[in-house]
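Keep the viewer open as you read.

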Amino acid sequence: MTTPMTIDAAVARILERGGAHVAVAAPLGLGKPNHLLNALYARFKADASRRLTLYTALSLDLPEAGSELERRFLGPFLARQFGADYPRLDYVADMKADRVPPNVRIEEFYFQSGAMMHAPRAQRDYASINYTAVARDLAEHAQLHAIVQLVAARGSAADARYSLSCNPDVTLDVLEAIAANGGMRPLVIGVVHPDLPFLGGAAEVGGGFFDGLVDGSAPAQPLFALPRNAVDVAEYAIGLHASTLVRDGGTLQIGIGALSDAIVHALLLRQRRNGDYRAAVDALRGGDAATDALVARWGGVAPFERGLYGASEMIMDGFMHLRRAGILVRRVYDDIETERALAANRAVDPQKLRGGHYLKGAFYLGSKDFYAWLRALDGEDYAGLAMSAVSDVNQLYGGRELLDAEQRRDARFFNTCMMATLLGAATSDALEDGRVVSGVGGQYNFVAMAHALAGGRSVLLLRATRKNGRSLESNVRWSYGHATIPRHLRDIYVTEYGIADLRGRSDEACVRAMLAIADARFVDDLAATAVRHGKLPRDFRVPDAWRSNTPEALAERLRVTKAAGLLPAFPFGTDFDATEQRLLPALLWFKSRVGDPRRWPSLVAALFAPRGRTDDIDLLARLDLAHPASIRERVLARLVRGAIARSRAH
């Protein structure tokens, strides 16, 4: 039976094991025990004679306001969403401020997106590693003394069972790798969180798995719950295009964010309102014969009959919605003959169809509603969700290759990238100046897996343009000085303007396909560059159809669908209250102008706008500006009133 311990006792045990140079690992994302990590970090900040190396990834932190108006808006929202006393990670604050002490190194293989762009020390200590290689590298180089993470518990005393819950991903793999290398098993310290969902599969372990268990109920650590995303028209278009590539009876991997939400929403429309779904898809495609043929071969637009199986490193809200809708229902079984029979529609002994799972993942992260759904799972819904080591999800090695290939038939791997080149390379994790935005994570693994699996396709999603300060830039580039996915692994790309199928095609064909889904405002320059470098013939002319790839034309194509209420701003609800939802457009209007001197006249006009409607006082009160007490607050209140009026007019 594992002995209970306090946070201070856990820190002392880790220091005793590590001595003068302590190496600790903590899981990525949700599973970090913040109070324990803060106590451990504080000991090393106070004692420069000791050294600490923390190996981790995706250290979650609360959003920070960039202006006074943002602070007034975010403060109450964050307190409601995360709790007034959410224990932020002290080392993350120090990383952002570039003040981590010299005797401490925080080595992450994945950053919260954009969080460390201006943190030189964090950029130097970043490790570029595929998700599946993290355990190997830790076992070979780190000499770990401890692994610390949040866990869930059921039962008590000798009958207690525990779950690695949100993070069996690397923990299981690294312990196995250390044992295989003949190394000393690190201490495993679990912090039992009362609200963490108890999930099974490989995540369920006995008390003997741990060297110490800490009661995580006091002090409390609210689960980090992501606010639900807004989705705009361009993102919905990407989701609709992508959804047509999903084949009934196939396998689904998706990430997180607005583009993933757009895909899930489109799949729900395909299932529940198929006529409206087909109309939206037809309006987007405009009778493009090549895309019709691609969808007929690899995807579909009909409702799902056999359903989908989910195999994704990350489990998130989207899988919950697909399960509730009766789409995520295809079960897989750990018997290759059963899988082969099911694939061939042959009869199978009912005894062999007991159990099985509809979803496998290595970690999870999501909204409050998602965590509540996980906690409430029971019966077949609970048993069919299998948490596993990341090596069991993100690769086809380890003796399961044939079984995995049968289970993951017609697999679609949907991931996002920042930029893509006309020749098919993708940039997803870093900039050409070397600065890391996020990390590779499992993206390379899934792209390579799509090429290895019969019937598998990798689909990289990106918006066609982005704002860079005051300028608009194309995300479809001729070339870029950094690549996450090399051009020889090119497969399918999707922007709001369509689908480009690049796999197995010549460079010229790839260039033409990518130009066809680029924004019309950049297509001439891109085509001219391709001609200049010999990838298009000198007599090439941009087809007229590509010139309709504009935001205005896109909005018109989806006008009927949007007017029917099928493309809501928040497809899965929102964590903002009614007042905040009314206020958001005004704040976005203000933010879009304050950073652009060319648009400052509109801000001056806002200062002298009429007082507006009487219900605007509620919006000002939400920002604590209903009764301004200083000249500064009176100016802010006037600006907000003007922004409300102008955003309402649009």
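## Strand S5 and its parallel partners

Start at Ala146, which stands opposite Leu187 in S7. That pair belongs to a parallel arrangement: S5 and strand S7 (residues 187–192) are joined by 6 bridges. Bear in mind that this is a predicted model.

S5 also pairs with strand S2 (residues 21–25), again in the parallel sense, over 2 bridges.

Now for an antiparallel neighbour: 3 bridges link S5 to strand S6 (residues 161–163). Here Arg154 sits opposite Arg161 in S6.

S5 and S6 make a hairpin, with 6 residues between the two strands. Gly155, in the turn, has a positive phi of about 80 degrees.

## How enclosed is S5?

How many of the 9 residues of S5 are buried? The count is 7, so strand S5 (residues 146–154) is largely enclosed by the rest of the structure.

## Over to Glu508

Glu508 has its place in helix H18 (residues 507–515).

Setting aside neighbours within four places in sequence, Glu508 is in contact with Lys535, Leu536 and Pro537. Phe540 is another handy reference point: Glu508 and Phe540 are 32 residues apart in sequence, with 11 Å from C-alpha to C-alpha.

Definitions and conventions. Residues numbered from 1 in each chain as written. Predicted model: local features only at pLDDT ≥ 70, side-chain atom pairs only at ≥ 80, totals over all residues. Heavy atoms only, no water. Buried < 20%, exposed > 50% of the residue type's maximum accessible area, 1.4 Å probe, protein only. Helix = DSSP H or I, 4+ residues; strand = E, 2+ residues; numbered from the N terminus. Pairing = 2+ DSSP bridges. Contact = heavy atoms within 4.5 Å.
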